[in-house]
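Please examine the sequence and the structure shown below before reading on. The paragraphs that follow proceed from the chain as a whole to selected details.

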Amino acid sequence: MGRARIPTLVAIAAAVIGLAASAASFYDLLGPAPAFCAEAGCATVQHSAWAHPLGIPMPVLGLLFFAAALGLSLIRAPRLRLVLALGGAAWASFLIILQATVIGAWCKLCLVADPAAILYALAVVGGATTVRPSWPRAFASFAAAGAVLSVLALWVRAPAPPSLPPGTPAFVQRAQVHDKLTIVEVLDFECPFCRQLQAQIGEAVRRAGVDVAVVRKMLPLPRHAHALPAALAYCCAEAQGKGDAMAHALFTAPPETLTPEGCEQLAVSIGCDRAQYRRDLPLAVGRVACESIDARAAGVTSLPTIFIGGEKIVGAAKSTDELVAMIRAAAR
């Protein structure tokens with residue numbers, strides 16, 4: 001390899017590190033609870049509208065990119081390698097800026113994968129070339145990926161997940177915020193019973209005196225004409241850090257006003273950037289689809305359905321006093 005030896009090794013190392021970080025993110029996405037990145041910032045990024053561009057989970061894109069980068073280290077395709085490297089670096093830079101300026105939170109695994117993509121591009125531009133495939137090199141690559149995963153596990157060290165009742169759906173377990181009692185709501189903003197329950201939940205949280213995180217999952221029902229526009233609007237507003245304010249606005253607005261135009265105006269009225277809102281809509285479509293599939297796969301058939309620390313409540317029949325008691329009991 002001559003002069004290209006160092007940039008080639010750097011490119012391979014960057015691809016291995018990025019692949020390991022993407023694999024860790026993918027494991028957290030599929031597992032019942034985060035094993036690598038369970039901090040609040042990780043959860044915020046994972047639940048943002050940007051987590052599923054075009055309905056594809058971000059870790060899957062990372063796995064595909066870094067696997068392709070490793071594959072191209074064995075194939076003489078310099079132009080394709082350069083295009084892949086520059087495209088990956090541009091996307092990674094965009095994601096870093098996105099976390100800093102739009103989402104307002106940082107995912108530790110993203111802060112490994114994204115710089116790895118940029119480092120890979122620098123190595124390719126610096127003259128990285130191919131290596132001859134061999135079993136020892138393949139074994140070394142797998143061993144290096146395993147070592148990186150071990151280091152990542154020690155670095156992020158996810159805290160022990162909260163104790164949840166047996167049979168708690170995986171999407172509820174993944175939504176848990178580890179330093180707070182988590183209430184997961186599966187809802188439809190046009191559903192009259194969901195609307196009825198909202199005031200009770202808010203009052204119960206205030207009276208319980210417990211530090212609570214509310215995570216909302218979208219399940220717009222086909223029979224409600226304005227449920228889907230409202231769900232998309234919520235996701236777009238949450239991506240700008242205004243989820244709670246948007247939920248309140250959607251629940252208190254007359255249902256007939258929750259048209260796409262009406263929802264956009266609500267978002268602007270609570271301080272959302274209109275241009276960013278419109279850019280986020282395609283991503284919100286993917287998020288709503290994924291959350292609806294998760295909820296239905298877990299057997300959620302009636303709304304509202306909420307989980308207080310994992311305990312499932314269906315319908316709006318619980319009194320505020322009962323909700324207060326359940327929140328306090330779950331917090332203990």
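The model is a predicted one. Its chain contains 13 helices and 4 strands, and 49% of the 332 residues are buried. Among the contacts with a separation of 6 or more, 77% are made by residues 24 or more positions apart.

Two of the strands may be considered next. Strand S1 (residues 181–187) pairs with S2 in the parallel sense, over 7 bridges. One of the positions involved is Thr182, whose bridge partner in S2 is Ala213. Between S1 and S2 the chain passes through helix H8 (residues 192–208), and this β-α-β crossover is right-handed. Strand S2 (residues 212–218) is mostly covered, with 6 of its 7 residues buried.

Leu82 is partly exposed, at a relative accessible area of 35%, whereas Arg81 is buried, at 5%. With Leu86 and Val125, Leu82 makes a nonpolar surface patch of about 260 Å². Apart from its neighbours within four places in sequence, Arg81 is in contact with several residues, including Leu72, Ile75, Tyr120 and Val124. The C-alpha atoms of Arg81 and Gly71 are separated by 9.6 Å, the two residues being 10 residues apart along the chain.

The structure also holds 9 salt bridges. In one of them, the side chains of Glu238 and Arg287 meet at 2.4 Å, N to O. This pair links distant parts of the chain, since Glu238 is in helix H9 (residues 227–239) and Arg287 is in helix H12 (residues 274–297), 49 residues apart. Glu238 is partly exposed because its relative accessibility is 25%, while Arg287 is buried, with a relative accessible area of 3%.

Arg287 also forms a salt bridge with Glu291, at 2.7 Å from N to O. Both residues lie in H12, 4 residues apart, which is about one turn of the helix. Glu291 counts as buried, at 7% relative accessibility. Through salt bridges that share partners, Lys217, Glu238, Arg287 and Glu291 are joined into one network.

A further salt bridge connects Arg274 and Glu264, with the closest N and O atoms 2.7 Å apart. Arg274 is in H12 and Glu264 in helix H11 (residues 260–269). Arg274 is partly exposed at 33% relative accessibility, and Glu264 is buried at 12%.

Methods
Residues numbered from 1 in each chain as written. Predicted model: local features only at pLDDT ≥ 70, side-chain atom pairs only at ≥ 80, totals over all residues. Heavy atoms only, no water. Patch = residues over 30% accessible without salt bridge, like charges linked within 9 Å, V, L, I, M, F, W, Y side chains within 5 Å. Areas by Shrake-Rupley, 256 points an atom, 1.4 Å probe, with all protein chains shown as cover. Salt bridge = Lys/Arg side-chain N within 4 Å of Asp/Glu carboxyl O. Buried < 20%, exposed > 50% of the residue type's maximum accessible area, 1.4 Å probe, protein only. Contact = heavy atoms within 4.5 Å. Pairing = 2+ DSSP bridges. Right-handed = clockwise from strand over helix to strand, strands pointing away.
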